[in-house]
Amino acid sequence: MYVRSCFQSPCLQWVWRTAFLKHTQRRHQGSHQWTRLGGSTYRAVIFDMGGVLIPSPGRVAAEWEVQNRIPSGTILKALMEGGENGPWMRFMRAEITAEGFLREFGRLCSEMSKTSVPVDSFFSLLTSERVAKQFPVMTEAITQIRAKGLQTAVLSNNFYLPNQKSFLPLDRKQFDVIVESCVEGICKPDPRIYKLCLERLGLQPSESIFLDDLGPNLKAAARLGIHTIKVNDPETALKELEALLGFTLRVGVPNTRPVKKMMEIPKDSLEKYLKDLLGIQTTGPLELLQFDHGQSNPTYYIRLANRDLVLRKKPPGTLLPSAHAIEREFRIMKALANAGVPVPNVLDLCEDSSVIGTPFYVMEYCPGLIYKDPSLPGLEPSHRRAIYTAMNTVLCKIHSVDPQAVGLEDYGKQGDYILRQVRTWVKQYRASETSTIPAMERLIEWLPLHLPCQQRTTVVHGDFRLDNLVFHPEKPEVLAVLDWELSTLGDPLADVACSCLAHYLPSSFPVLRGFNDCDLTQLGIPAAEEYFRMYCLQMGLPPTENWNFYMAFSFFRVAAVLQGVYKQSLTGQASSTCAEQTGKLTEFVSNLAWDFAVKEGFRVFKEMPFKNPLTRSCHTWARPQSQWCPTGTRSYSSVPEASPAHTSRGGLVISPASLSPPVRELYHRLKHFMEQCVYPAEPELQSHQASAARWSPSPLIEDLKEKAKAEGLWNLFLPLEADPEKKYGAGLTNVEYAHLSELMGMSLYAPEVCNCSAPDTGNMELLVRYGTEAQKARWLIPLLEGKVRSCFAMTEPQVASSDATNIEASIREEDSFYVINGHKWWITGILDPRCQLCVFMGKTDPHAPRHRQQSVLLVPMDTPGIKIQPLTVYGLEDAPGGHGEVRFEHLRVPKENMVLGPGRGFEIAQGRLGPGRIHHCMRLIGFSERALALMKAHVKSRVAFGKPLVEQGTVLADIVQSRVEIEQARLLVAAHLMDLAGNKAAALDIAMIKMVAPSMASRVIDRAIQAFGAAGLSSDYPLAQFFTWARALRFADGPDEVHRATMAMLELKHRI
């Protein structure tokens, strides 16, 4: 089933480290401890790389010398030449480049061998994917070590490749700590590099074991108190390691383990049944193991009298309707075996529950490879492509079977497959529902209304994915398709979409590992679009246009399965050790499904003709309940309906008059509040900003806040999609809020008065989206109430912070704390005495993939170690919040203040700027409208050169130009597209308005200042401050150059 890989310990590690769950445990805590002689406890195993995990340079050199007729031992002698100061050691300390090393190394080799030595050829072989491949026994050993709760580390003397990447041809996810000599500038056997590794593991020397193939490296480790193992042969070394750890590092049958206590079955009655079935007379013992996969239906390996078998059974307890249908699995595999589809050989179906407690069936064990990681690490790109091609081919073979010819004509109903599936999974979901998940409610309503018009009917597998296939060990050939529990007669495109789930999931996702964060071109894996075209070509079909619907349906089904597993875990029925962790994953996957639903809605939207394009509406609406919606549940959709019941296309609300009546009333209430309360207060508020008391909040601001609350003009910014239950905000769409934000933008003070000012808005949205309940209680609620303020610390003076991956501030784990060190600047609001929270972005793992190095911490401002230096913008202090240059020195922050989990900072930073990405743009239009209004009033009252300024041609031209530019920018505000298609789909429009709005506002305000003359530069009018912030926002909201680059990339990607 979808969640088979819950058994794997990397999944546990991922789940425990994300914000899906409370940060209550670490992988090595609460785990078994393995004791060696003398009573000490081992908690980590440290591996050298060359000669331990991959072939050693010496071994590679010996074979290369034979092939290239180079005197034996030349390469090894040259590598050792010069000792610590030789080119090899200097290369591994990154003191010389690859080019410099090869030049010196080639000279040495040629001098020693008295012949020209092509060292470039040796270096290419040494670093090639073909040679630098991890030993399978070591991969399996590391998996077993981590499964027992021990940490793993790699401590390698390695080097930088010519592309400036370090040579580490390993899956970094296997290790808790990676120490590379070229990164640290230290090589083994220098004791400092061992100490560094131990420090990062948080262990004493006696708690670790070190494996290396070189004696000097082992002696240095032993002198520090580390237990060492000399590796001459990996197999032999692992036997010694097993003896020290006290558990096996190799599994006889891949992907199996001892049977869990709650999943034990009576062996005596099973053995009697099997002997009768197979006609076996032997009295040898029955060997029984449990497979890691088989989440839904427990699956066992059986060995009896030299027969290797597999048993699949229903789980115990009360089961969901129509679930766990092993009878259907047995029937379809027996039928398809006669149609040339590779399936295991099924032997018998036993429906007598008295044998082992539930019905089961038995089949022959099919040895081969099951690829659990869809990125296929360790394989050549061409081999990876061949694997996916074979997968596609066998799917076509399944869909080409004639159901009637194999006796499956009654295996499922003809037609309406998707509708029936939706109904089935809605029923399953409702039966296992433990709380309301907004995205699931939206999908339950949306899916039946957007069914494909045409559906073919074939045999469908129902759960067709890479890890349900058994491959030949030596060639890309599918030997068997497993797990037919969800099979029926239905729409084959559902299978194709299911086989592409991994394309849209991250590699760190625990239940279904994906590779959407990997470079598919480099891996050699076909993209989802290419995979689908490959399928259509083999089947002779035209490509479908509603691919996004099938992906939405597939992820909806995954979410329903996850919820069922979670519900089972509450009663102890689920067969996976981490099924209980899946509860929070349902929401994640359902949100992903809804993203595809929105994309499909946008595709339909673009294809539909407009009856009245100038008044079309694209705001989100609450629709009447359908038969799928539970009583009392309100459902929201941001895509237009295909149903005739919804003939309104909805519209881009260009003017407030087009807003819905409730929002229109809110707009007029805000406008009245601005005119009666905010504008009249501006002179006093401006005077306060220039007074000696400016660094204390104005009492008038606090009074206005209370009035805004009383008027219901509070926390208007939170978008409906982030807060669908209106728990925290007004429940406005982006389009609706755009009009209110523009109105608030007409005053410098109105956004704070309505608790809609940055950076608090972005930080509050961050907490709503990603915060734990404890984090929300401590920080979100006071922020929503306006009792405290906050800041966001990301930009750094030493690097180009427009690229968030450049940040250098460090977040280091120490005991139950994270220790922060860093230098930040332009931290808006940090000087405000009400600022009690700093949302801090720093690096937790500089060696992780580029976008997984950063993390976000919630830092209380009273934490010791924060030093602030005020900054000014064009001489303006912007009191009382101001802007600060800040040094964070050895701050200790509790681990529970981590948001989402380590390595999620870049993701959070992007999500934090969801609708917040365009709030500044909305307010800038308000700036511009106010500036133009002031300009028009002023030029009507002034006379120059014998006639009013308003009659001067240049002034009139400026007014017209300003109006044109404001209207152009307003049409560019991407709020309607964000509502309609989501933030990702609106990326191009967001980049455009973020580039256009600040520049437009600067020009409009500049014309107004010019019309005012010197008065425009004074503090008597807001123009000077408007101009300052409009110019500053060309940096604060991302520099124009970044937006241009984004636009160019998207333009070239989608429009050629």
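**Labels and their cut-offs**

Modeller: Leaving aside residues up to four places away in sequence, lysine 705 touches Trp714, Glu752, Val753, Gly786 and Arg834. Touching here is contact, which means heavy atoms within 4.5 Å. This is a predicted model, in which local features need pLDDT of at least 70 and side-chain atom pairs count only at pLDDT 80 or more, while totals for chains, interfaces and linings use all residues. Residues are numbered from 1 along each chain as its sequence is written, and side-chain values use heavy atoms, with hydrogens and water left out.

Biologist: Where is lysine 705 found, and is lysine 705 buried or exposed?

Modeller: Lysine 705 is found in helix 23 (residues 699-710). Helices are DSSP runs of H or I with at least four residues, strands are runs of E with at least two, and both are numbered from the N terminus. Buried means under 20% relative accessible area, exposed means over 50%, and partly exposed is in between (1.4 Å probe, protein chains only). Lysine 705 has a relative accessible area of 3%, so it is buried.

Biologist: What makes glutamate 474 exposed or buried?

Modeller: Its relative accessible area is 71%, so glutamate 474 is exposed. Glutamate 474 lies in the loop between strand 15 (469-471) and strand 16 (478-481). From glutamate 474 to glycine 368 is 106 residues in sequence and 9.2 Å in space, C-alpha to C-alpha.

Biologist: How many of the residues count as buried in the whole chain, and how many helices and strands are there?

Modeller: Of the 1056 residues of the protein chain, 58% count as buried. The chain has 34 helices and 28 strands. Among contacts with a separation of 6 or more, 72% are between residues 24 or more positions apart.

Biologist: What makes two rings an aromatic pair?

Modeller: Rings of Phe, Tyr and Trp (its six-membered ring) pair if their centres lie within 6.5 Å; planes under 30 degrees apart count as stacked, over 60 as edge-to-face and the rest as tilted. By this rule there are 28 aromatic pairs. In one of them, phenylalanine 159 and phenylalanine 167 have ring centres 5.1 Å apart and planes at 10°, so the pair is stacked. Both of these residues, phenylalanine 159 and phenylalanine 167, are buried.

Biologist: What are the ring distance and plane angle for phenylalanine 555 and phenylalanine 596?

Modeller: The centres are 5.9 Å apart and the planes at 10°, so this pair, phenylalanine 555 and phenylalanine 596, is stacked. Phenylalanine 555 and phenylalanine 596 are both buried. Elsewhere, ring pairs join Trp88, Phe91, Phe101, Phe105, Phe123, Phe159 and Phe167 into a cluster.

Biologist: How do you know that a charge sits over a ring?

Modeller: NZ of Lys or CZ of Arg must be within 6 Å of the ring centre and within 35 degrees of the ring normal. Lysine 709 has its charged end over the ring of tryptophan 714, 4.8 Å from the centre. Lysine 148 lies over the face of phenylalanine 247, 5.8 Å from the ring centre.

Biologist: At what angle do helix 14 and helix 19 pack?

Modeller: Helix 14 (residues 381-399) and helix 19 (residues 528-539) pack at about 45°, and their axes are 10 Å apart. That makes helix 14 oblique to helix 19. Under 35 degrees counts as roughly parallel, over 145 as roughly antiparallel, 65 to 115 as roughly perpendicular, and the rest as oblique. Residues of helix 14 that meet helix 19 include Arg385, Tyr388 and His399.

Conventions:
Axes fitted to C-alpha atoms, helices over the stretch in contact; angles between N-to-C directions.
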